[in-house]
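Here is a brisk report on one protein model. Read it with the sequence and coordinates at hand.

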Amino acid sequence: MLKLPPLSLYVHIPWCVQKCPYCDFNSHAQKGDIPEQDYIHHLLKDLQADLQRFKDSIQQRKLHSIFIGGGTPSLFSAESIAYLLKEIKTQIDFEDNIEITLEANPGTVEAERFKGYVSAGITRISMGIQSFNDDKLQRLGRIHNAAEAKSAVNLAKVSGLKSFNLDLMHDLPNQTLEEALDDLRQAIELSPPHLSWYQLTIEPNTMFAYRPPKLPDDDELWDIFEQGHQLLTVAGYQQYETSAYAKADFQCKHNLNYWRFGDYLAIGCGAHGKLTFPNGEITRFSKTKHPKGYLRGEYLYEEKNVPEIDRPFEFFMNRFRLLEAVPKQEFEDYTGLSQSAVKNQIDFAIQQNYIVENADSWQITEHGKLFLNELLELFLTES
Ligand SMILES: C[S@@+](CC[C@H](N)C(=O)[O-])C[C@H]1O[C@@H](n2cnc3c(N)ncnc32)[C@H](O)[C@@H]1O
Ligand code: SF4
């Protein structure tokens with residue numbers, strides 16, 4: 001019997017001022033005015049259709065978190081976000097202490113909207129800072145500079161938000177160890193409750209893939225990782241996922257639910273969702289990627305059942321990225337499988353020192369973190 005995990009909602013806004021050369025997210029450079037009202041109208045219809053289609057999964061559940069991501073959601077006015085949240089709430093209830101995150105570009109115009117977003121119900125803003133080095137920001141095709149980023153952070157601090165996050169990237173073109181650490185030092189000085197520290201990856205079909213920049217080599221990258229991690233730890237940030245650092249009690253509830261194999265509704269262009277049904281089914285679904293089709297009312301793109309044979313890999317894929325212990329009971333509750341279904345793989349993983357176990361949980365080891373792919377491959381089956 002499957003137990004229903006917490007339920008989140010992801011909302012995708014697919015426009016940006018311009019496309020960054022490293023980015024493969026579903027985002028389009030804005031041409032002319034964004035059809036803001038029309039898009040919100042479709043988001044709400046999309047949600048209504050999902051709540052009906054998936055009612056056996058939703059049941060009496062309330063929303064645990066909402067994440068409005070993109071793209072650049074801060075291109076939308078505070079009034080639009082207020083309307084969107086108000087209307088979502090008429091369709092599905094919120095838990096009392098719901099976390100509602102909005103991704104924002106640290107440009108001046110967006111930062112001036114922060115107080116309005118808070119009045120609209122936003123509790124957390126995630127700012128795409130990337131670096132505090134103006135040359136690097138230019139190389140990354142960003143439309144803001146370091147001074148604007150800092151003033152945006154200062155506005156976030158006095159806007160009444162419960163929390164905010166800074167996105168930083170390292171392993172940037174021609175970046176030295178000192179430059180990478182300097183970015184972290186400047187971020188730490190601003191004292192964000194949460195910091196996401198991503199390694200720049202070169203994704204296919206991006207400008208950087210066509211014209212690859214020179215990136216730090218493996219030795220330099222290792223030093224950046226080690227010394228950066230040390231800097232963050234000493235400053236009171238606890239790493240809880242490969243790229244996620246937070247001060248105590250400021251972990252991102254939305255991402256945690258996703259990584260813990262929780263459920264999430266998903267509305268907007270290209271959004272992906274996952275839902276559990278009391279009858280033992282788990283479904284994954286995605287929405288039409290391009291705004292043109294989506295704005296014609298074509299929402300659902302694909303829906304796939306997750307067969308039992310795929311569930312161990314799907315469960316552990318994100319769980320072992322988290323540094324916390326994995327409760328054995330959650331494996332049974334959320335996959336509907338008994339622990340015996342993975343006994344051989346678990347025994348082998350323990351023997352290889354990838355994980356350790358106690359009566360109630362499994363925990364990835366330092367050694368296991370270095371061999372995460374090998375660990376996860378143990379749970380891959382051909383279906
Ligand atoms: C979906 S983006 C949206 C944030 C917002 N649009 C912005 O860029 O300011 C979320 C974050 O993913 C990270 N990101 C995007 N592309 C990346 C890449 N190729 N490698 C590593 N991190 C990346 C960036 O730090 C970015 O802020
Ligand atoms: S990194 Fe952010 S701003 Fe740049 S294209 Fe991607 S989603 Fe848009």
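Where is the place of Gly 71? The loop between strand 4 (63–70) and helix 3 (78–91) holds Gly 71. This is a predicted model, and that applies to every value below.

**Backbone geometry**

The peptide bond from Gly 70 to Gly 71 is cis. Its omega is near 20°. Most residues other than glycine have a negative phi, and most peptide bonds are trans.

Asp 171 is not a glycine, yet its phi is positive, about 70°. It sits in the loop between strand 7 (163–170) and helix 8 (177–189). Is Asp 171 buried or exposed? Asp 171 has a relative accessible area of 4%, so it is buried.

Ser 191 also has a positive phi, near 55°, and is a residue other than glycine. The loop between helix 8 and strand 8 (194–199) contains Ser 191. Its relative accessibility is 34%, so Ser 191 counts as partly exposed.

**Helix 15**

Helix 15 spans residues 343–351. Which of its residues are buried? They are Gln 345, Ile 346 and Ala 349. Seen down the axis of helix 15, these buried residues fall within an arc of 100°, so they line one face of the helix. Asn 344 and Gln 351 are exposed on the other side of helix 15.

What do the buried residues of helix 15 pack against? Their partners are helix 13 (311–319), strand 16 (355–357), strand 17 (361–364) and helix 17 (372–377).

**Salt bridges**

Side chains of opposite charge can pair when their charged atoms come close. How many salt bridges does the structure hold? The count is 18.

| Lys 3 | Asp 333 | 3.9 Å |

Take the salt bridge between Lys 3 and Asp 333. This pair links distant parts of the chain, 330 residues apart. Lys 3 is in the segment before strand 1 (7–13), and Asp 333 is in helix 14 (residues 328–335). Lys 3 has a relative accessible area of 47%, so it is partly exposed. Asp 333 counts as buried because its relative accessibility is 14%.

Lys 274 lies in strand 12 (residues 272–276) and Asp 263 in strand 11 (residues 263–267), so the pair ties together parts that are 11 residues apart in sequence. Lys 274 and Asp 263 are both buried.

Arg 319 is at 1% relative accessibility, so it counts as buried. Glu 324 is at 25%, so it counts as partly exposed.

Salt bridges also form a network here. Its members are Asp 46, Asp 50, Arg 53 and Lys 287.

**A buried lysine**

Lys 136 lies in helix 6 (residues 134–139). Why does Lys 136 count as buried? Its relative accessibility is 10%, and the cut-off for buried is under 20%. What does Lys 136 touch, not counting residues up to four places away in sequence? Its contacts are Ser 131, Leu 172, Pro 173, Asn 174, Gln 175 and Glu 179.

**A nonpolar surface patch**

Trp 222, Phe 225, Leu 370 and Phe 371 form a nonpolar patch on the surface. Together they have about 400 Å² of accessible area. Phe 225 belongs to helix 10 (residues 218–234). Its relative accessibility is 31%, so Phe 225 counts as partly exposed.

**The annotated region**

What does UniProt list for residues 1–241? The unreviewed entry gives "domain: Radical SAM core" for them. Over residues 1–241 the chain is 41% helix and 23% strand. The end C-alpha atoms of this stretch are 29 Å apart.

How values were computed. Residues numbered from 1 in each chain as written. Chains lettered and ligands numbered in written order. Predicted model: local features only at pLDDT ≥ 70, side-chain atom pairs only at ≥ 80, totals over all residues. Heavy atoms only, no water. Patch = residues over 30% accessible without salt bridge, like charges linked within 9 Å, V, L, I, M, F, W, Y side chains within 5 Å. Areas by Shrake-Rupley, 256 points an atom, 1.4 Å probe, with all protein chains shown as cover. Salt bridge = Lys/Arg side-chain N within 4 Å of Asp/Glu carboxyl O. Helix = DSSP H or I, 4+ residues; strand = E, 2+ residues; numbered from the N terminus. Buried < 20%, exposed > 50% of the residue type's maximum accessible area, 1.4 Å probe, protein only. UniProt positions renumbered as here; feature names shortened; annotations may be inferred. Arc of directions from axis to C-beta. Contact = heavy atoms within 4.5 Å.
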